[in-house]
Amino acid sequence: MTRRRQREHAFLMLFRTEFYDMEELNIQDELYMQELCDATEEEKNYINGKVSSTREKLEEIDKMISEKASGWNLDRIGKVELTILRLAVYEMIFDETIPESVAINEAVELAKKFGGDDSFSFINGVLSKFTK
């Protein structure tokens, strides 16, 4: 499984964060991972690690997004776009193994696949403020 596909799975798992409390979220994560029949244990560990690390830093990440997305309250940002931003900000700020440009490009690709028509430009605009 490619890193892009692993990132998509991480995005799909993170997206659930908005809809479940922690107890239910853990059950949902377990069910999701059981359905990943084509993933190796190493790939599952990578996905789980990225999701749990992002969730651990969620409050800090949301604060950073709020500061950079001037004029946009987090409640106004669509759930898909917010999840993409959270994942990308985690990768840009806290994951030293992923270059910023890769994190931004992958976030834009996620937005094109899962977001609305203008999602990718919004994502790109917000994330570009993190590189300055």
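Colleague: Which residue does Asp29 form a salt bridge with?

Modeller: In this predicted model, Asp29 pairs with Arg55, and their closest N and O atoms are 2.5 Å apart. The pair links distant parts of the chain, since Asp29 is in helix H2 and Arg55 is in helix H3, 26 residues apart.

Colleague: Is Asp29 buried or exposed?

Modeller: Asp29 is buried, with a relative accessible area of 9%. Arg55 counts as buried too, at 14% relative accessibility. The cut-off behind that word is under 20% relative accessible area.

Colleague: How many salt bridges does the structure hold?

Modeller: The structure holds 12 salt bridges. One of them joins Glu106 and Arg7, with the closest N and O atoms 3.4 Å apart. Glu106 lies in helix H6 and Arg7 in helix H1, so this pair ties together parts that are 99 residues apart in sequence.

Colleague: Buried or exposed, those two?

Modeller: Glu106 counts as buried at 11% relative accessibility. Arg7 is buried as well, with a relative accessible area of 5%.

Colleague: And what does Asp95 form a salt bridge with?

Modeller: Its partner is Lys50, and the closest N and O atoms of Asp95 and Lys50 are 3.4 Å apart. Asp95 sits in the loop between H5 and H6, while Lys50 is in helix H3, 45 residues apart, so here is another pair that links distant parts of the chain. Lys50 is buried, with a relative accessible area of 4%, and Asp95 counts as buried at 12%.

Colleague: Which side chain does Glu81 have a polar contact with?

Modeller: The side chain of Ser119, through a polar contact of 2.3 Å. Leaving out residues up to four places away in sequence, Glu81 touches Gly115, Gly116, Ser119, Phe122 and Ile123.

Colleague: Tell me about Ser119. Which helix is Ser119 found in?

Modeller: Ser119 is found in helix H7. Ser119 is buried, with a relative accessible area of 5%. With residues up to four places away again not counted, Ser119 touches Glu81 and Ala111.

Colleague: How far apart are Ser119 and Arg7 in space?

Modeller: They are 17 Å apart, C-alpha to C-alpha, and 112 residues apart in sequence.

Colleague: Which residues of helix H7 are buried?

Modeller: In H7, which spans residues 119-128, the buried ones are Ser119, Phe122, Ile123, Val126 and Leu127. Seen down the axis of H7, they fall within an arc of 120°, so they line one face of the helix.

Colleague: Why would residues three or four places apart point the same way?

Modeller: An α-helix has 3.6 residues a turn, so residues with that spacing point the same way.

Colleague: What do the buried residues of H7 pack against?

Modeller: They pack against helix H4 (58-68), H5 and helix H6 (100-114). Take Leu127: neighbours within four places aside, Leu127 is in contact with Leu85, Ala88, Val89, Met92, Ile104 and Ala107.

Colleague: Next, the largest nonpolar core. Which of its residues touch the most other members?

Modeller: Of the 37 residues in that core, they are Ile65, Ile77, Ile84, Leu85, Ile123 and Leu127. The elements giving two or more residues to the core are helix H1 (3-15), helix H2 (22-34), helix H3 (41-56), H4, H5, H6 and H7.

Colleague: Where does the largest share of this core come from?

Modeller: From H5, with 9 residues.

Colleague: Last one: is Glu67 buried or exposed?

Modeller: Glu67 is exposed, with a relative accessible area of 53%. Glu67 is found in helix H4. The C-alpha atoms of Glu67 and Glu35 are separated by 37 Å, and these two residues are 32 residues apart along the chain.

Methods: Residues are numbered from 1 along each chain as its sequence is written. This is a predicted model: local features need pLDDT of at least 70, side-chain atom pairs count only at pLDDT 80 or more; totals for chains, interfaces and linings use all residues. Side-chain values use heavy atoms; hydrogens and water are left out. A polar contact is a pair of N or O atoms within 3.5 Å; within protein, one must be able to donate a hydrogen and the other to accept it, and residues adjacent in sequence count only if both atoms are side-chain atoms. Contact means heavy atoms within 4.5 Å. Buried means under 20% relative accessible area, exposed over 50%, partly exposed in between (1.4 Å probe, protein chains only). Helices (H or I, at least four residues) and strands (E, at least two) are DSSP runs, numbered from the N terminus. The arc is that of the directions from the helix axis to the C-beta atoms. A nonpolar core is a set of buried Ala, Val, Leu, Ile, Met, Phe, Trp, Tyr and Cys residues joined through side-chain atoms within 4.5 Å. A salt bridge is a side-chain nitrogen of Lys or Arg within 4 Å of a carboxyl oxygen of Asp or Glu.
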